[in-house]
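I opened this model to take notes on its fold and on a few local features. The entries follow the order in which I looked things up.

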Amino acid sequence: MPTNSIDSLLHENRRFPPAAEFSAQSTAKPSIYDDAKADRIGFWADQARELLHWHKPFTETLDWSNAPFARWFADGELNVAYNCLDRHVLAGNGDRVAIHWEGEPGDSRSITYAELTAEVKRAANVLKGLGIRQGDRVAVYMPVIPEAVVAMLAIARLGAVHSVVFGGFSSESLRSRIDDADAKLVITADGGWRKGKVFPLKTAVDGALENGTSTVEHVLVVKRGENDVEWIEGRDLWWHDELAKADAEHEAEGFEAENPLFILYTSGTTGKPKGILHTSGGYLTQVASTHRNVFDLHPETDVYWCTADVGWITGHSYVVYGPLANGATQVLYEGTPDTPHPGRWWELIQKYRVSIFYTAPTAIRSFMKLGRSIPDTFDLSSIRLLGSVGEPINPEAWIWYRDVIGAGATPIVDTWWQTETGGIMISALPGITTLKPGSAQVPIPGIKIDILGEDGTRVDPPQGGLLVVSEPWPAMLRGIWGDPERFRETYWTRFSSGNTWKYFAGDGAHVDSDGDIVLLGRVDDVMNVSGHRLSTQEIESALVSHPIVAEAAVVGAADEATGQAVVAFVILRSDQESAQTVEEASTLLRAHVSQQIGAIARPRQVFVVAELPKTRSGKIMRRLLQDVAEGRELGDTTTLTDTTVMQIITGQVK
């Protein structure tokens with residue numbers, strides 16, 4: 001983030017204390033901070049007992065004896081799906097709407113907790129009939145439709161492990177995730193709606209499985225797009241056919257709190273995606289607690305909407321598990337915010353009387369570009385709380401969000417967390433915290449955050465440093481699937497010593513003069529594009545895999561719409577230099593990256609250069625390329641083997 005952006009954040013002086021009426025009725029009370037500070041472990045035990053149903057109560061809250069591998073509530077047993085479904089029905093809330101689903105073309109369904117429970121029971125019986133047992137891995141590659149939620153909950157109900165893959169990823173990306181997890185089953189759809197068209201999903205699954213060496217035994221296919229699909233008899237099965245034949249009753253069995261719940265793959269700096277492993281009891285405790293307190297949830301009256309795709313951690317924690325564990329009514333939308341018209345989201349808020357709205361700064365900035373005339377066309381008076389997630393939100397976008405979408409009075413919770421943390425770690429609590437634009441502000445109760453200098457010492461306000469989590473937390477990742485050593489090296493080696501373990505988040509942060517935390521984004525080579533983390537090395541590998549490319553370097557450049565955009569610098573193979581124009585090469589390579597990884601990774605720009613800036617040890621100086629991509633004055637070039645390289649590259653870019 002440019003220095004002037006940091007300065008504007010650190011000198012932000014606008015303050016918005018909670019309204020007295022809001023505070024009087026808020027779910028969280030000020031004493032929550034004192035309770036958590038007095039007994040952090042006891043606080044989480046109380047949350048687990050209050051918010052969840054335990055088939056077998058736990059007696060031990062935290063076992064940290066094998067750090068950094070935590071065990072929370074380990075001797076307790078629960079069923080995640082039962083907590084999200086059955087218990088609400090048994091409590092007399094079966095007629096409450098769980099999901100208002102809206103398809104992009106305008107088709108819709110409202111599904112009650114009783115109906116959702118019944119469908120998940122049938123789906124669990126289908127999976128059981130296909131041989132899925134506790135611990136088996138199931139890949140889910142779906143659009144944002146109710147069946148995606150049903151699939152996740154049915155897998156969890158059996159004590160199996162889901163690995164949801166974002167529907168925008170290519171067959172190659174899907175294959176790597178299926179293979180790494182040794183998935184036994186894939187659940188997908190014939191297609192899904194996006195921007196007025198049906199995009200294929202079953203085709204990508206076929207491509208991922210075409211070599212025949214996969215561990216996948218069956219592919220369950222939801223009929224959504226009504227498009228033609230290839231069919232392999234015996235392997236491929238229609239979801240609706242199988243559910244129609246399934247038994248309607250299924251009893252939810254209790255599983256150990258540390259039973260694996262899901263693997264979610266996230267980009268890593270080594271290029272190979274990391275399978276982040278989350279387990280059941282601690283994860284569900286923290287996402288239920290944070291969903292309730294951060295969003296001030298009143299499940300009897302609120303209609304909640306988180307716009308995330310279920311293929312990302314936000315969709316797992318704050319579309320599926322947190323809201324349903326709390327018995328919330330929520331909106332689920334299949335399409336994009338600008339289809340079939342640019343006011344689509346506001347139309348849905350008006351239609352369903354959404355009261356809590358949680359989205360990404362990327363979306364907010366895109367709406368700012370269009371102006372307030374579009375949202376002003378719709379009745380947004382039902383909104384009483386707004387949330388932001390995925391990347392730091394700049395103060396002006398925060399103010400626009402509050403003024404235009406929140407009618408100048410609605411509180412905003414700016415949340416920081418990661419795939420690895422499982423749940424929200426830093427956020428205001430809206431009935432307690434005086435809000436500050438552009439700042440995530442304070443750790444949630446029960447979470448210990450520090451900002452450290454490079455030497456590991458705590459920095460004093462107003463200073464910048466590296467964000468670490470200093471104590472274990474319930475929803476923390478339990479490892480990287482199949483690679484415990486990579487888990488230690490990636491997250492725990494930088495600031496840990498002896499018996500003291502500190503999780504390094506990979507993000508930079510400032511502590512301002514009020515002691516509030518301002519997030520500054522990634523400090524490694526992972527880019528944050530529209531809230532999605534992408535590895536520079538993964539994209540570089542895709543570029544170099546094309547026969548015209550000899551070498552590639554990728555950087556994340558500041559982008560007004562997406563936060564960061566992918567910018568690539570490539571050297572063509574010598575036999576291609578005269579055969580390809582710059583425009584041809586750029587078009588070809590952007591499409592190639594999209595095919596190899598997914599459209600989200602497609603470079604905004606591809607620059608063909610003669611050389612890349614390298615140190616004498618051969619390291620590419622990406623920070624200099626980022627300077628060029630962002631139009632800044634070049635930093636120190638004295639360590640380069642050839643200092644004239646950057647002058648040539650700068651000239652080519654201009």
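I began at P340, which lies in the loop between β17 (329–333) and α14 (344–352). Helices here are DSSP runs of H or I with at least four residues, strands are runs of E with at least two, and both are numbered from the N terminus. The peptide bond from T339 to P340 is cis, with omega near 5°.

I noted what I was reading: a predicted model, in which local features need pLDDT of at least 70 and side-chain atom pairs count only at pLDDT 80 or more, while totals for chains, interfaces and linings use all residues. Residues are numbered from 1 along each chain as its sequence is written, and side-chain values use heavy atoms, with hydrogens and water left out.

I looked up another cis bond and found it from A67 to P68, with omega near 10°. P68 sits in the loop between β1 (62–63) and β2 (71–72).

**Whole chain**

I counted 21 helices and 30 strands in the protein chain. Its radius of gyration is 24 Å, close to the 26 Å that the globule rule gives for 654 residues, so the chain is as compact as a globular protein of that length. The radius is taken over C-alpha atoms, and the rule is 2.2 Å times the number of residues to the power 0.38. Along the principal axes the C-alpha trace spans about 75 × 65 × 60 Å. I read that 62% of the 654 residues count as buried; buried means under 20% relative accessible area, exposed over 50%, and partly exposed in between, with a 1.4 Å probe and protein chains only.

**Positive phi**

I checked F73, which has a positive phi of about 55° although it is not a glycine. F73 is in the loop between β2 and β3 (77–78) and is buried, with a relative accessible area of 0%. K195 also has a positive phi of about 55° and is not a glycine. K195 is in the loop between β9 (191–194) and β10 (197–200), and it is partly exposed at 49% relative accessible area.

**Sheet of seven strands**

I traced an open sheet with the order β5-β4-β17-β16-β18-β19-β20 and mixed pairing. Strands pair if DSSP finds at least two bridges between them. β5 (108–112) and β20 (412–414) stand at the edges with a single partner strand each, so one side of each has no neighbour in the sheet. Inside it, β16 (residues 303–306) runs parallel to β18 (residues 356–359), joined by three bridges. C306 stands opposite Y358 in β18.

**Strand β15**

I then turned to β15 (residues 274–279), where six of six residues are buried. K274, I276 and H278 point one way, and G275, L277 and T279 the other. β15 pairs with β14 (residues 260–266) in the antiparallel sense over six bridges, and K274 is the bridge partner of T266. Two bridges join β15 to β23 (residues 479–480), also antiparallel. I276 stands opposite I480 in β23.

**Helix contact**

Last, I looked at where α6 meets α7. D86, H88, V89 and N93 in α6 meet Y113, A114, T117 and K121 in α7, contact meaning heavy atoms within 4.5 Å. These residues divide into three nonpolar, three polar and two charged; Ala, Val, Leu, Ile, Met, Phe, Trp, Tyr, Cys and Pro count as nonpolar, Asp, Glu, Lys and Arg as charged, and the others, Gly among them, as polar.
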